[in-house]
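Trainee: I want to know what stands behind each label in this model. Can we go through them one at a time?

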Amino acid sequence: MAVDELQAIIQRCQILEEADFKGEDFNLFQVAGQKCLEDGYAAQLLEVIQNEKNKVIVKNMGWNLISPLVRCIFTYKQQDDKREHCLKILDQLAQLCNPKELLLGLLEQIEQTSGEQVCQTVLLLLQPLQTVLLKLQHKKAYSVGLSLAVIMNQLTPLPVPYTKEQIQEDKLGLCQCCHAVVHFAKPFVNEVVKNMEKSSEYNDVELKEELLKFCMKSLEYPLLTAQLEQLEGIEEHPFRRFATEIIDILWDIRELVPLVFLHRKGKSPDWENQEFVDIERKNSADSLACLSYLVFVQHFGIDHFPVIFGPSYLLQCNMTHIEVLLKRTEESVLSKGLDLFESCLLRMEDDSLLHQYLEFRDFINVPQDLVKVMTLCPMEHLRKKSLSILQLFIDKFDAEGKYTLFRCLLKTSNHAGVEGYIIKNIKDQIHLSLTKVCDSIWFTGHHLISLLDLVLLLPEGAETDLLQNSDRIMASLNLLRYLVIKDCESDNRTGVWAALAKIEQNFLKPLHVGLNMSKAHYEAEIKNTKENRREAHSSNTVCSVTVSGEKMPAMTTEMQLQVLHSALFTFDLIESVLARVEELIEVKIKAGMDDN
Amino acid sequence: EVQAAALAEHGEDITPARDRGVLKIIKRPGSEDESPMIGDKVYVHYKGKLANGKKFDSSRDRNEPFVFSLGKGQVIKAWDIGVATMKKGEICYLLCKPEYAYGSAGSAPKIPSNATLFFEASEDLFEDGGIIRRIKRKGEGYSNPNEGATVEIRLEGFCGSTRFDCRDVKFVVGEGEDHDIPIGIDKALEKMQRGEHCILYLGPRYGFGEGGKPKYGIQPNAELVYEVTLKSFEKAKESWEMDTKEKLEQAAIVKEKGTMYFKEGKYLQAVIQYGKIVSWLEMEYGLSEKESKASDSFLLAAFLNLAMCYLKLREYTKAVECCDKALGLDQDNEKGLYRRGEARLLMNEFELAKCDFQKVLEVNPQNKAAKSQISVCQKKTKEHNERDRRIYANMFTKFAERDAK
C-alpha cells in the first residue's frame, strides 16, 4: 500500500542525519508520496507532513512533491475533501521546505504549463510562492525578479481579451491572474518603500530594479494591446484596474515621473556606456509609449505630475512614443497612438506650435506615418480618425510651420487623395492671408509661388493617369479658380498672375492634352466592350483576381461599361472646371487690358 | 496669505508686452543678487491654485522641487517669464492670465479652459546652463589640448542669427580672453581632438557674461553659438615635465597673469592661472630651503587669491577649502581668516564665521572690517534663532492642541 511504503521510507530517514540523506532516499520519498496522492491518500500524506518528527525530512525532500500535488489538485473537484487536503499540503510545504529548492520546484511547475492551464497554475501557486520568497529575507531580489519573469513569460503567449464579452468571460483567466500577480507583488513593493525611507542598502536597489522590470513588462503585455476605455456594463474593468495598480507601483518606488520624462534625465550614472542606455531605451520603447498613453489619455496617475509643463513641450516629449505606436498595425496599439497624439494636440492653441519643432525628426516622421494609416489601414474608423488628427496637427502650427508641412506632405505622401486634401488646406490658408489685416508672407508672394509649383502641375505631364489623380487635379483646379477670382491682376498679392505663363505650360496645356487622350482612349474601350458583348462569352480570361483566397467573379459587361462611363464622367467634370478657369482668366486679362 | 485679489491690485506687471498677463508680488526677497539665465537648470518649489481657490498642484506633495531649463518653452510662458525675475532664495506670488498659461485649450484633467492661475513659488537654486558641444566632424587621435596648450583654431561666433566673429586665431588655452574669446571656448578645447569641427552652445556664464561684449555688439547675458575647428595644437608641459626651477619661473609669470584677469573681473580665467601654481607646486618634493620658501610664498598667494575668486564666483565651499589650505601654510594669516569668515557667513554658518573674524582681531586688533562683520554675525544669528523659535513654538502649540483633543 502506498501509505505503508511512505511510512517505511519515513522511518528509515527519521534516524538518519540530514547530511546522510542519499539520492536514493529522495527518489523513494518522491515515488511513495506521489503514489499516495494518486491513490487518494492525501489525508494520510498530510498527516505525515504535519508530523513534527518529520520536519527535517520534509524540509529537504518535500519540494519534489510539487508536481504530483498540482496535478492532483486539478483533477479533484472543488468540493472534494481530498482537494482541501492537497491545498493544505501545499501550504505546509511552503512553510517547511528549503526556500531555494521549493522556489525552483514552483517555478518549474509554472514553466511546464501552457495554454489553458497557465492561469490556473499561476493562481494556485502564487500564495506559496510569496511565502517562500518572503522567507528569503535579504537575498530575495534576484528570486523575486526571476519569479515575476517566469510568470510573465508564461502569460505572454495568451491572447488578451478585447471585446466586452471576451473580458466578461475571461475564458483563460488572464484578467483574474493579472490582478492576483499585483497582489502577490505588494509586500515586495512595501519593502522597497520602507527601505527607501531609511538609508539605501545595496540590496534594495536590486529589488526596486526587479519590480521596475516587472512593471515595464506589464506595460508591454497585456496593457499595450488591451482595450482600456471605460466599458458600459462592466463595473470594474480588469485591465483599467491593472493599469492603475501598475502605475501605483511605479509611483511608490519613485519611478513614475522619471520614466515618463526619461529623456530629461542626464546620462545615467550607473551606466559606463551610453550604448547600453540606448539599447535599453529601444527595448523599452513599447512600454514607455504605453505608459504615456495611460497617463496622458486615461489620466491614470496624472495627479502625481507637475501641472507646469508647456503644451508644446508635452507634445515634443510624446512624439517618440506616438511614432512607436503609429508604426504598429494592431488596432489596439494603433488607436492608442492616435488617442495620445490627439490628446497632446488638444492641449495646444491653434497657430501656437513654432515651426522650429519641424527640425525634430519625429515631427516629420509622424505626419508621414499618419498618412500611411489614412491610406493603408483596413479599418475605416482609424482612417477617418487619423485624417482628423492630421488636420488638428496642421492647425496647431504657425504659418511657416504649416507651409513647411504642406511642402513635405505633397512631396512624400504619394497618394492623390491626401494631396488633394493638402491642396484644399493651402487654399484655406491663402484665403486667410488675403482676408486678414496682416497677411502672412508664407501664403502670398514668392513663397506661395514656390509652393504652387508643387501644386499646379501634372506629375507625369500629359501622360499622367487622370483618373487616379482626379482628386488632386480637381483640388488644384479649384485652387487656381479661387486665386483667379480673388486676386486682382493689379493687386497680384498671391503672385499668381505673374506666374500664369508657367502655370499654362506646366499644368493647363498638358491637362488639355491628357484629357483628350484619355477621353479618346476610354471611348474606344467602350466601343470595344459593346462589340464584344455581341460575341459569346469567351472563357479565355487573361487574368483573374483572388481576394482572401476567393476568386473574384469576372466582371459582367454591364459592370465594365458602368466603370468606363463613370471614368468619362470624371473627365467631363475636370474639363468643365478647366474651361471655367480659363474663361475667368481670359475675362480678367481682358478687363485688365481694357483698364489700361 | 496673499490672495489673488491683492495681486491683481498691487502686483507688478512683469510681461515684456506690458499687458498685465503675469503679475508678481515678492513675499520674501532672495538672499543673493543673481537671477537665473536662459538655459540654466532651475529648481523651484511651488503651489498652484485655480481662480476658485482650489489647489491643483504642489511640488511639496511630491517632496521634491520641480526642475527645468529656463527660457526653453518647457513650461508655461508665465513661468519662463516669472522665474527669470526671481533671485536665489526668493519667494513670490504670480497671477497668470490664461494667455500666459494654458489658454483656451486648458490642460486636462485639472485645468479648465481659459483659467487664470495663481502660484506661490520659491526658487531653491539654479545651475548654470553650461556648455553643449555637438561634433560635426570627428577629430583624430586621442590627445586633447591641456590648459596652457597653444592652439590654432578657426572660429565663427553667432549671437542669435547674426555672425559677429569669424577668424583664424592662435592662442593659449585659458587665455582666450586676451583675444576676445569667451571662457567656454577654452573649456571646450580641452575636450576636442585635432582636426575636430564642432558647434558649441554657450550659456551666458560661459560666454561674455554680464559685461557682454560691446566691441561685437553683444548684449549682457547673451547665449552664444560658436563653430570651431581645431586645426592644430601643442600641449603645454605637464607638471611632471618641468623641473622646480622652471616651475618657480613660470609661477611668477602666471601669478601676474592671474592678477591681471582678476582686476578685469575675469574670475574664471584668474582661477585657471592661480590653479596652475597649485598644481605645479603643491606636491613638489626635493626642494632646497630657498626653493621651498619661494614655493610656499607662491602657494600662499595662490590659495588666498583663489579664495577671493571663489568668493566672487559665489562658490563658497571652494573658497573655504582654499582658505584652509592657506592657513595650513600660515595659520595666522589675516587675509585667510577674513576671507574664510566671509565665505562662512555667506553659507549661513554664523558661529564659525564669528570665530574666524574674532581670530582676525586677535592677529590684528585694528581690523575694523572684522569688527563690523562680527556684529553682522551676531545679528544674523539672532534673526535665525527668532525664526526657529517661532516655528518651533507653533509646532509645540499645535501638538499640544492635538493631544488635548
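Mentor: Start with helix and strand: they are DSSP runs, helices being H or I with at least four residues and strands E with at least two, numbered from the N terminus. By that rule, residues 300-333 of chain B are 79% helix and 0% strand, with end C-alpha atoms 9 Å apart. The model is predicted: local features need pLDDT of at least 70, side-chain atom pairs count only at pLDDT 80 or more, and totals for chains, interfaces and linings use all residues. Residues count from 1 along each chain as its sequence is written, chains are lettered from A and ligands numbered from 1 in written order, and side-chain values use heavy atoms, without hydrogens and water.

Trainee: What makes residues 300-333 of chain B a "repeat: TPR"?

Mentor: The name comes from UniProt, in an unreviewed entry that lists residues 300-333 and 334-367 of chain B. UniProt positions follow the numbering used here, feature names are shortened, and annotations may be inferred rather than shown by experiment. The span 334-367 of chain B is 79% helix and 0% strand, and its end C-alpha atoms lie 9 Å apart.

Trainee: Which residues of chain B does UniProt list for "domain: PPIase FKBP-type"?

Mentor: The unreviewed entry gives residues 39-127 and 148-234 of chain B. Residues 39-127 of chain B are 9% helix and 39% strand. Residues 148-234 of chain B are 8% helix and 44% strand.

Trainee: Why are H1(A) and H2(A) called roughly antiparallel?

Mentor: Take the angle between N-to-C directions, from 0 to 180 degrees, with axes fitted to C-alpha atoms over the stretch in contact. Under 35 degrees is roughly parallel, over 145 roughly antiparallel, 65 to 115 roughly perpendicular, and the rest oblique. H1 (residues 2-14) and H2 (residues 23-38) of chain A pack at about 150°, their axes 8 Å apart. Hence H1(A) and H2(A) are roughly antiparallel.

Trainee: What hand does the crossing of H1(A) and H2(A) have?

Mentor: Left-handed. That means the near helix is turned anticlockwise from the far one by less than a right angle; clockwise would be right-handed.

Trainee: How do you know which residues of H1(A) and H2(A) meet?

Mentor: Contact means heavy atoms within 4.5 Å. Among the residues that meet are A:Leu6 and A:Ile9 in H1(A), and A:Leu28 and A:Phe29 in H2(A). The contact of H1(A) with H2(A) has 10 nonpolar, 1 polar and 5 charged residues. Nonpolar covers Ala, Val, Leu, Ile, Met, Phe, Trp, Tyr, Cys and Pro; charged covers Asp, Glu, Lys and Arg; the others, Gly among them, are polar.

Trainee: Why are H7(A) and H9(A) roughly parallel?

Mentor: H7 (residues 99-112) and H9 (residues 140-155) of chain A pack at about 15°, with axes 9 Å apart. So H7(A) and H9(A) are roughly parallel. Their crossing is left-handed.

Trainee: Why is the H20(A) and H21(A) pair oblique?

Mentor: H20 (residues 380-396) and H21 (residues 399-412) of chain A cross at roughly 140°, their axes coming within 8 Å. H20(A) and H21(A) are therefore oblique. This crossing is right-handed.

Trainee: What is the area buried between chain B and chain A?

Mentor: About 1,700 Å², with 56% from carbon and sulfur atoms. Buried area is the accessible area (1.4 Å probe) that two parts lose on being put together, summed over both. B:Arg62, B:Gln74 and B:Tyr102 supply 30% of what chain B buries against chain A, more than any other three residues. The contact takes 23 residues from chain B and 18 from chain A.
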